[in-house]
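Here is a short report on one protein chain. It covers charge, surface and nonpolar cores.

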Amino acid sequence: METDQIDQRCQSCLNSITFPDTWEKMRLMVDHRLEQYQTPMYALNTDLFFESPDSRSNNLLPLKGGVLLGWSAPHWFVEGDVSFFYYTKNALATSKKMYAMLNKFMTSGELPSDDPSAKDLHLLSRQEQESYLKLLERAFFFSTRYAGTIFAVGIASGGFRTSGDYYGQHWRANHYCAYSDVYVLDHPIAYDNFKQFVATDGRTITPLTAASFNELRIVATATNPELSFLNRKTHRDVDIAEMAKAGGWRNVAKDSKIPFTFEIQVREYLVDGILNELVGENGLCLKEVESSHPDYGDGRIDYALQLDESIIPVEVKIRADFDDELELQLKKYCNANITVRSRSKNTADRCILIDCEHLWLYTPPEGKDDSGEVTLVAKLCELANHGDLKKHPKIRAIIYK
């Protein structure tokens, strides 16, 4: 549980969850979870909000201060932000439909006419059909209790990442994080009790304002005293421009709780100031530089720093997600050809990577198909406390390598 010493400022959202509306989507969800957890006890997405009291028990108990290792999140979430998990009203209808469909097939052999993806049901063994029916019975029971309600609350606790791989699933959110202090509510909050100050509009993620968060907190804690820790939260609506105006990039970097929404904010309020300080009066900082690499093709480098004879490419992200796509970008920018003041030049054999909290150095591999090396140089909040970036030993080491 959180303590009073931890920064209690937060952003918040309504995190909507539903049940797949076709047999194929439902099967993909089950297969995905079975691959992850190797047990049918966690074969449904909503099973992750429960835990087994011990390895010998088949009973799942609702999380009470537990952990979700990964769930959808807004891309602007930071540690300490609050998610209210809402199970949609239509989840009841879809889970009931899927259960009735399989049950009917098992008793009559009749395939549903309104779901072409179920045409292969007859290929399942009787044991497989019974296993799926048990899962759908559990899904229907969950929906009967929680559909149309906020059924859980959790606190973002790290593990922020982005993935474009949906595994063929019914959800389309691609930003994720871990959650701690996850409470499944004894008294779920019905949609009618919060619809007047939160409009879901069918979205997976609905951002909450300070006013809507405060209203929802009052409703939630009134019947669920275990959520009293929400009363220590102060919702924030940050004006990053005012922070930068008051103290430049250093003022922004020292506040690690800023919920950046767009990459352009990271560039304007952090990276521009950092790089301009690095190049000083004698260097050159170019933006949006067209590049060409003999092995990896054309690209557009966010920044290129000309310092002495070196031209160091810089890539910027809201949050750096170290996947194959980012690796290809960074490879493409190292040892690439660019044009500087009408002259053809090559970039350095390294690339700086910056997001809203960190500065890394990327070094490409020797082999074309190998992976490069990413090294954390410093947190931006640490750099903000250093007097002259050009004299920072770790910065000098990567610039004048």
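## Charge, surface and cores

In this predicted model, the 45 positive and 57 negative charges of the protein chain have mean positions 2 Å apart. Lys and Arg count as positive, Asp and Glu as negative; His and the chain ends are left out. Each charge is placed at NZ of Lys, CZ of Arg, CG of Asp or CD of Glu.

Residues are numbered from 1 along each chain as its sequence is written, and side-chain values use heavy atoms, without hydrogens or water. Local features need pLDDT of at least 70, and side-chain atom pairs count only at pLDDT 80 or more, while totals for chains, interfaces and linings use all residues.

The C-alpha trace spans about 80 × 50 × 40 Å along its principal axes. Of the 401 residues, 49% are buried (under 20% relative accessible area, 1.4 Å probe, protein chains only).

A nonpolar core joins buried Ala, Val, Leu, Ile, Met, Phe, Trp, Tyr and Cys residues through side-chain atoms within 4.5 Å.

| Core | Residues | Members include |
|---|---|---|
| Largest | 46 residues | Phe 19, Trp 23, Phe 49, Tyr 179 |
| Second, separate | 38 residues | Val 314, Ile 352, Leu 361, Ile 395 |

The four residues named for the largest core have the most contacts inside it. Elements giving it two or more residues include β2 (12-17), α1 (23-37) and α3 (126-146). Helices (H or I, at least four residues) and strands (E, at least two) are DSSP runs, numbered from the N terminus. α3 gives the most to this core, with seven residues.

Phe 49 touches Ile 17, Trp 71, Phe 85 and Phe 151, among others (contact: heavy atoms within 4.5 Å).

Definitions and conventions. Buried means under 20% relative accessible area, exposed over 50%, partly exposed in between (1.4 Å probe, protein chains only). Lists of a residue's contacts leave out its neighbours within four places in sequence.
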